[in-house]
Amino acid sequence: MTHPMVPRLWWITRRRRETHDTFTVELKPSNGSSEFRFAPGQFNMLYIWGAGEVAISISGDPNAPGSLIHTIRSVGAVTRLMQKLKSGDEVGVRGPFGSCWPIEQAVSGDVIFVAGGVGLAPLRPAIYHVLAQRKRYQRVVLLYGTRAPADILYARELERWRARFDAQVRVTVDHAAGGWMGSVGVVTHLIARARFDPARTTAMICGPEVMMRFTAMELEKRGVPAKNMHISMERNMKCALGLCGHCQYGPSFICKDGPVFSYERLKPLLAIREV
Amino acid sequence: MKTMNNAVIETRPQFVLERSDFNRLIEILHEKGYQVLGPRLRDGAIVYDELESGGDLPAGWTDEQDGGTYRLKKRNDEAIFGYAVGPHSWKKFLHPPQVRLWKARRKDLKIEVAQEEQPVSKKAFIGVRSCELHAIAIQDRVFLQGPYQDPFYKLRRQNAFIVAVNCGQAGGTCFCVSMRTGPKVTDGFDLSLTEVLEDVRHYFVVESGTELGAEVLAALPHNAANEKEKTSAEEVVKNTAAHMGRAMDITDIKGLLYRNYEHPRWENVAARCLTCGNCTMVCPTCFCMTVEDTTDLEGEHAERWQKWDSCFTTDFSYIHGGSVRSTAKARYRQWMTHKLATWIDQFGISGCVGCGRCITWCPVGIDLTEETAAIRGSEAPGRKEDPHGNGNT
Amino acid sequence: METETLEGILAEHPFAKGLKDDYVQLMMGCASNVRFEAGQFIFHGGEDANQFYLIRDGKVSLEVFAAQRGPLTILTLEGGDVLGWSWLFPPYRWKFDARALERTRALGLDATCLRTKCEADHDLGYELLKRFVLVVEQRLQAARFQLLNVYS
């Protein structure tokens, strides 16, 4: 009986710098050629030798399970060490864990993705999926806001998506100096301009908690029902198994009941401080 | 509640075991290969530790408990289970404070992980109270009935032999009657005992809950209990039930706490709470743990440990940028709301068994029965929203 | 496509949504079609605010020039947005610079003309003020959100 806290080993085949504090790694299993199946929105626990383990969302294409892709922001002790990882290094992987974006529930209606900062990474698998099965959805909207032009994640991919005629892709930054020809303003500001049918829209929102709250309020103003909005929550996570208690949020464990929740379920708790 | 390893006996005949034959129980368990663990005096308290023989039992001792107070006292009889509960619970054996999960070595940048050897030692617990059986059953739900199981916990559980005791005396902070977890032992044991002290006679009324329990009993000198002995044993439990040190009204307690996340009482208790986490350490159901990854100085060996953790630390809820629950108010609220309310949604059962340890071992005597009563007594009339949408049931 | 009437353009702009026909007519008397080429300044901070704009399409950046840091963009506005509220309050001067980032078409509304009409008809004034307060509220909420610097 293998203890669920024992990681499997994977090695890094590619490492790419995204922004000054984010990078993407591509992984292959160290032994065997098993595929990594996951649902968009799920996460893994990544272990770096000796230093520890952190929860990182999976940001690759769910329909291309040959490799495992993570985009990591170096903000803590473990992720800062991860920034030094290079091709050929080994890491431990446990997962996939958690709930997923409602990509099936959204079928035959409009889909709006609203991402803030590095929150685009957990949404990317769902975006890949929806764009790959574009015919099953009506309008597709992606609104992305981040701090400054230099912080834009997946910039080339955003350009590619923006060039498509079948998706409304809008990017905005909070602050910009001269030379930036794109939009400046908060991501919620983009909502009023997007074209979608609120009553038939599924919203998938990922970013800092404050940003997700403001976004959900703005979408509610446009008439998107709370039950059709989904957000991805972040809390301290140690085991990802529902056994360590750290990620509790009211009655929910973010690791096993989330990280993706319907906004309707969390809305009252989000208004309370320090839950 | 179920025992993990043995065929359960449904109808349980009662037998009598004389005090003079009691120590034999420990010998038999030793002979069967068990490490025997039970109550004994240490550092001014009755703790659970290894028993060499029946002589280690705290015969003639009792405890006096109240908010923030615990004192040992001599009894005027030789009862061996004549106390309530001490600072320890069986959690320390089933869900130990520190467990190594794996070791790994790295050579030429290749990592090899080896899972820790699985715990197989047989342990017998002597003197498990009804509240504690309920606590074990609650941890069973946490560790064994979710989407992921703790396989080490499962093995420890399967290798435990449980000798339960019906409480002969209620402690000053006990409220198992309110929580419906005692004082009478109902199931989840291999053997159960009721200690009866009469003027000249000291004996136990014994039931076996499993075939393994019956096998152990069979090896002991025993007789079928007569009606008088059975009645005496019943009276012991009845008397205990009538003398609970505390009480808690649990009517819609989940709704009550869900509606009162913003109650001013949380500020009041936070002003007293030292956030020391004692309550979480002594609680027999608190299961939270942290995971620590370590490496040696050469960087060739690494280990992963799980260790008890407490929601009273600021680290507990740390995400980059800071702690989610930075105030004492938020941390106390988390603990109590979890214990009494969210636990019900998570595991279908309350996380509190009414053992009173958190009251006794709180250095400032914070009493959750008092805190819930204060909230219930002063619930703002307009505040009927339940943030979890469960309505007011 | 250039056959749209001024009235039609005004009535369809989100700013005028729900506005009575009479008031649309009144506003039209102060309106004119304007167009700015990419890079062209619409106004500069300190100048008299004698117009405001209902943007039809294109993109406008609201900026401030800081020594050493160069132009800093505060907000960009697009089709459906309102540009400028300094015309409402004395001393009627622009605070920031507005520059077209791409070719931008808008309705320009003459401030003196509109202020006179609002003074003469307070109901119209109230209707316009309600709409401007909403714009101000949205900009204030957005500014607060930006201040939170949530992504760092």
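Let me start with the second largest pocket in this predicted model, which is lined by 29 residues, with A:A192, A:E218, C:D81, C:L134 and C:Q138 lying nearest its centre. The space in that second largest pocket comes to about 1,100 Å³. As for secondary structure, α4 (209-222) of chain A and α4 (122-148) of chain C each supply at least two residues of the lining, and α4(C) gives the most, with nine residues. By class, the lining of this pocket divides into 12 nonpolar, six polar and 11 charged residues.

Let me turn now to the interface of chain B and chain A. The contact takes 57 residues from chain B and 45 residues from chain A, and the area buried between the two chains is about 4,400 Å², with carbon and sulfur atoms giving 60% of that area. On the chain B side, B:I111, B:Y148 and B:H320 supply 14% of the area that chain B buries against chain A, which is more than any other three residues supply.

What does the rule find in the way of polar pairing across this interface? There are 21 residue pairs in polar contact, counting pairs with both residues at pLDDT 80 or more, and the rule also finds two salt bridges. One of these joins B:R304 to A:E53, with the closest N and O atoms 3.1 Å apart.

Several elements of chain B each supply at least two residues of the side that touches chain A, among them β6 (98-107), α3 (130-144) and β14 (301-308), while α11(B) gives the most to that side, with eight residues. Sorted by class, the side of chain B that touches chain A has 26 nonpolar, 17 polar and 14 charged residues.

Conventions: Residues numbered from 1 in each chain as written. Chains lettered and ligands numbered in written order. Predicted model: local features only at pLDDT ≥ 70, side-chain atom pairs only at ≥ 80, totals over all residues. Heavy atoms only, no water. Contact = heavy atoms within 4.5 Å. Buried area = accessible area lost by both parts, 1.4 Å probe. Salt bridge = Lys/Arg side-chain N within 4 Å of Asp/Glu carboxyl O. Polar contact = N/O pair within 3.5 Å; in protein donor to acceptor, adjacent residues only side chain to side chain. Helix = DSSP H or I, 4+ residues; strand = E, 2+ residues; numbered from the N terminus. Nonpolar A, V, L, I, M, F, W, Y, C, P; charged D, E, K, R; others polar. 1 Å grid on protein atoms, 1.4 Å probe; cavity = no way out; pocket = protein on both sides within 12 Å on 5 of 7 lines; lining within 4 Å. Points joined across faces, edges and corners; volume = space filled by probe spheres on them.
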